Every structure is written in C-alpha cells, then in structure tokens.
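Hi,

Here is the structure I promised to pass on.

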Amino acid sequence: MTEHKSRILIVEDEVLIALSLKRMLESIFTAETVHSYEEAKMLLSHKLFDLVLIDISLSGDKTGLDLAFFINTNISIPFIFTTALTDPSTLEKVTNLRPSAYLSKPVEKVNLITAIHLALANEDATFKIELGKQIYYFQSKDFLFAEADHVYIEIHLKSGKNQILRTTMTYLEEVFPSKYFKRINRSTAVNPYHVSKIINDKLHIEDKIFKISKNF
C-alpha cells in the first residue's frame with residue numbers, strides 16, 4: 001500500500017530559490033513550484049495541496065500576502081511564509097493572516113521540514129460525529145470513502161477500523177471537514193487526498209473503483 005505523501009506547493013518568484021526549496025522537500029513530500037500569484041491561484045483552484053510555502057515578496061501586482069488571503073477565504077489549508085522582510089509593518093500584516101509559520105531567508109532545511117511537519121500535524125485534527133447517544137471519533141486523513149446501503153453508511157478507514165453508522169450522506173456532508181469528504185454519486189463519498197487516479201467517469205482509491213455521477 002502506497003503511503004500518502006503530503007503535497008506542498010512552493011510559491012517563489014526566484015527560480016533558483018524555488019528549485020532549492022523543492023530539493024529540500026522532495027525526499028519527504030510531493031512538491032511543485034510556481035512563480036506568481038496568478039499561477040498559484042490557478043493551480044490551487046484545480047489541484048489538491050496539503051500546505052503552501054509562500055514567498056511574501058512575489059513580483060507582480062499581487063504579493064504573497066494576497067495569496068494568503070485567497071487561501072484563507074477559499075481553501076483553508078495551512079501556509080508558511082518565507083521572506084527576507086522583518087519590518088514591523090510586514091510582521092503585523094503577516095500575523096493578521098494567521099500563517100502556520102514564518103521563516104526568514106535563507107531558509108534552512110531542518111527549520112523548513114520541522115515547520116511543515118508541525119503545520120500538518122495541527123491540521124490533521126480529530127473530529128467527532130454524534131448520533132444520538134453514540135459519539136464516533138475520526139482523523140480526517142484516515143478517512144478513505146463512505147458507502148451508503150439504505151439507512152446505513154459504512155465509513156472505510158485507512159487504519160482498517162471501519163465503522164457502520166445509521167445516518168445519511170447529507171448529515172455526514174455537514175459534519176465532515178468539507179475538503180476531506182466529496183460526494184461522487186448518490187451513495188458514495190470519497191476523500192480526494194486518497195484518490196490515486198481518475199479515468200473518464202471512474203475514480204480509483206487503493207484497490208476500489210467508483211463511478212462518478214454527472215449530478216455530483
């Protein structure tokens with residue numbers, strides 16, 4: 001079974017620095033690089049990432065601060081700032097955007113990897129589902145997919161400790177963190193982070209194949 005490698009997007013307008021950061025990460029994470037606000041926004045709108053590494057001083061009309069605001073407003077994934085700026089005005093703006101960390105350039109590998117691990121650990125929180133007097137606890141990234149059978153739904157987990165709940169898909173959509181729970185047809189919801197491939201209307205998670213409905 002292939003272990004999920006967290007996906008990191010590096011947003012850095014200096015190509016050599018971007019490549020250096022990618023080399024620091026690629027033995028542990030899956031890393032991609034872009035060089036502007038526009039490229040980052042486009043990629044984040046079409047692909048899933050676990051964390052974004054943002055250079056504050058991007059060239060162009062939009063800075064890394066603008067990208068952080070876009071992430072907070074539209075995606076809600078953790079991000080880390082990298083910058084050579086340490087003036088009070090910049091630090092105040094950074095604090096208001098609630099980054100997971102703030103790393104001064106030049107970035108050292110051990111500090112970068114530690115900051116990313118801490119940010120991802122904080123993000124992978126345990127959440128609960130209450131059904132009457134029963135309370136079930138799950139970790140977001142342990143969830144693989146859910147399949148409905150009449151009034152029951154089986155929650156399939158990467159740990160193998162599956163749960164059968166008497167509930168509805170509509171309720172689970174409300175209580176699951178939305179980025180980890182996506183309906184693909186009337187009776188199935190999946191965790192996009194565990195999707196290995198999509199071919200036409202077929203979606204693959206581990207050894208399972210699901211049909212994607214046009215209505216979802």
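Before anything else, keep in mind that this is a predicted model.

I started with Tyr180, which is buried, with a relative accessible area of 3%. Tyr193 is buried too, at 4%. Their rings come up again in the aromatic pairs, and the count of those is 7. For Tyr180 and Tyr193, the ring centres are 5.3 Å apart and the planes stand at 45°, so this pair is tilted. Tyr180 belongs to the loop between helix H6 (169–175) and strand E11 (182–185), while Tyr193 belongs to the loop between strand E12 (188–190) and strand E13 (197–199), so the pair ties together parts that are 13 residues apart in sequence.

There's also a cluster of rings: Phe138, Phe143, Phe176 and Phe181 are linked by ring pairs. Elsewhere on the aromatic theme, Lys62 has its charged end over the ring of Tyr37, 5.7 Å from the ring's centre.

Now for the strands. An open sheet is formed by 5 strands in the order E10-E9-E8-E12-E11, with antiparallel pairing. Strand E10 (163–166) and E11 are at the edges with a single partner strand each, so one side of each has no neighbour in the sheet. On average, neighbouring strands here are turned by 25° against each other, ignoring direction.

Which residue in E9 is the bridge partner of Ala148? That would be Ile153.

Cheers

Key:
Residues are numbered from 1 along each chain as its sequence is written. This is a predicted model: local features need pLDDT of at least 70, side-chain atom pairs count only at pLDDT 80 or more; totals for chains, interfaces and linings use all residues. Side-chain values use heavy atoms; hydrogens and water are left out. Rings of Phe, Tyr and Trp (its six-membered ring) pair if their centres lie within 6.5 Å; planes under 30 degrees apart count as stacked, over 60 as edge-to-face and the rest as tilted. Helices (H or I, at least four residues) and strands (E, at least two) are DSSP runs, numbered from the N terminus. Buried means under 20% relative accessible area, exposed over 50%, partly exposed in between (1.4 Å probe, protein chains only). A charge sits over a ring if NZ of Lys or CZ of Arg is within 6 Å of the ring centre and within 35 degrees of the ring normal. Two strands pair if DSSP finds at least two bridges between them. Axes are lines fitted to C-alpha atoms, for helices over the stretch in contact, and angles run from 0 to 180 degrees between N-to-C directions.
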